[in-house]
Amino acid sequence: MAQITVKIESAFPPQEQYNECGFTLSFSESEDEAVLFDLSQDFCSKLVPKEPVAAFVEEICKIDFQKLLWEDEKIQYADGFYIIVEISNNSRDLTLELNNPSMKNYKFGGCTESCKFLELVQKMSAFAKKQGVDFELNVE
């Protein structure tokens with residue numbers, strides 16, 4: 001089973017914000033559908049089409065995470081805004097935390113793998129929003 005979680009954290013969250021902001025996509029080869037969890041809603045899940053989620057998993061497998069890690073060193077902007085992406089595949093887990101992600105800054109810094117990864121995160125976020133998750137990701 002593969003699972004992808006995308007969430008936003010802020011060093012200065014609004015006082016009324018207690019729930020996490022984000023979503024989890026869960027995918028199993030043996031199932032006919034995938035599952036979408038809305039992290040802002042306690043235990044709220046929804047069955048979604050398997051094909052787009054399987055495609056996201058395939059695209060993630062093409063990311064060079066080592067390159068992404070080293071590219072992140074080029075970006076020195078910090079404003080307390082983070083995108084956290086947690087990827088699980090059976091017993092293996094990987095967590096990426098991108099500080100103040102901006103396509104403009106990554107492109108300017110020559111961070112091609114980071115741009116590729118952010119574009120994928122934007123696609124997944126747009127899919128979750130289309131499925132009813134109240135989540136907006138703006139990393140232009």
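Nine bridges join strand β1 to strand β5, and the two run antiparallel. One of the pairs here is threonine 5, whose bridge partner in β5 is glutamate 86. Two strands count as paired when DSSP finds at least two bridges between them. In general, strands of a sheet pair through backbone hydrogen bonds, either parallel or antiparallel.

Before going on, a word about the model. It is predicted, so local features need pLDDT of at least 70 and side-chain atom pairs count only at pLDDT 80 or more, while totals for chains, interfaces and linings use all residues. Residues are numbered from 1 along each chain as its sequence is written, and side-chain values use heavy atoms, with hydrogens and water left out.

Now step back to the whole chain. The protein chain has four helices and six strands; these are DSSP runs numbered from the N terminus, with helices (H or I) of at least four residues and strands (E) of at least two. Along the sequence, the pattern reads β-β-β-β-α-α-β-β-α-α. Of the 140 residues of the protein chain, 41% count as buried. Buried means under 20% relative accessible area, exposed means over 50%, and partly exposed lies in between, using a 1.4 Å probe and protein chains only. Among contacts between residues at least 6 apart in sequence, 53% join residues at least 24 apart, where contact means heavy atoms within 4.5 Å.

How are the strands arranged? They make an open sheet of six strands in the order β4-β3-β2-β1-β5-β6, with antiparallel pairing. At the edges stand β4 (44–49) and β6, each with a single partner strand, so one side of each has no neighbour in the sheet. From one strand to the next, the twist averages 15°. This angle, like the others below, is taken between N-to-C directions and runs from 0 to 180 degrees; axes are lines fitted to C-alpha atoms, for helices over the stretch in contact.

Let us follow the sheet through β2. Strand β1 (residues 2–10) pairs with β2 in the antiparallel sense over seven bridges, and alanine 2 stands opposite phenylalanine 27 in β2. Four bridges join β2 to strand β3 (residues 33–38), again running antiparallel. Leucine 25 has leucine 36 as its bridge partner in β3, while phenylalanine 23 has aspartate 38. β2 and β3 form a hairpin with five residues between them.

Is β2 enclosed or open? Six of the seven residues of β2 (residues 21–27) are buried, so this strand is largely enclosed by the rest of the structure. Serine 26 is found in β2, and with 8% relative accessibility serine 26 counts as buried. Leaving out residues up to four places away in sequence, serine 26 touches Met1, Ala2, Gln3, Ala34, Val35 and Phe37.

β5 and β6 form a hairpin with two residues between them, and asparagine 90 in the turn has a positive phi of about 55°.

Next comes the core. In soluble globular proteins, nonpolar side chains tend to be buried together. A nonpolar core is a set of buried Ala, Val, Leu, Ile, Met, Phe, Trp, Tyr and Cys residues joined through side-chain atoms within 4.5 Å. The largest one here has 37 residues, and those with the most contacts inside it are Ile4, Val6, Phe23, Leu25, Val85, Phe117 and Met124. At least two residues of this core come from each of β1, β2, β3, α1 (50–61), β5 (81–89), β6 (92–99), α3 (103–108) and α4 (112–130). Its largest share, eight residues, comes from α4. Isoleucine 4 touches residues including Phe23, Leu25, Val85 and Met124, not counting residues up to four places away in sequence.

Finally, look at the helices. α4 lies across β1, β2, β3, β4, β5 and β6, running at about 90° to β2, whereas α2 lies across β5 and β6 at about 25° to β6. The axes of α2 (residues 65–72) and α4 come within 8 Å and cross at roughly 110°. The two helices are therefore roughly perpendicular to each other; angles of 65 to 115 degrees count as roughly perpendicular, under 35 as roughly parallel, over 145 as roughly antiparallel and the rest as oblique. Where they meet, Phe65, Lys67, Leu68 and Glu71 in α2 contact Thr112, Glu113, Ser114 and Phe117 in α4.
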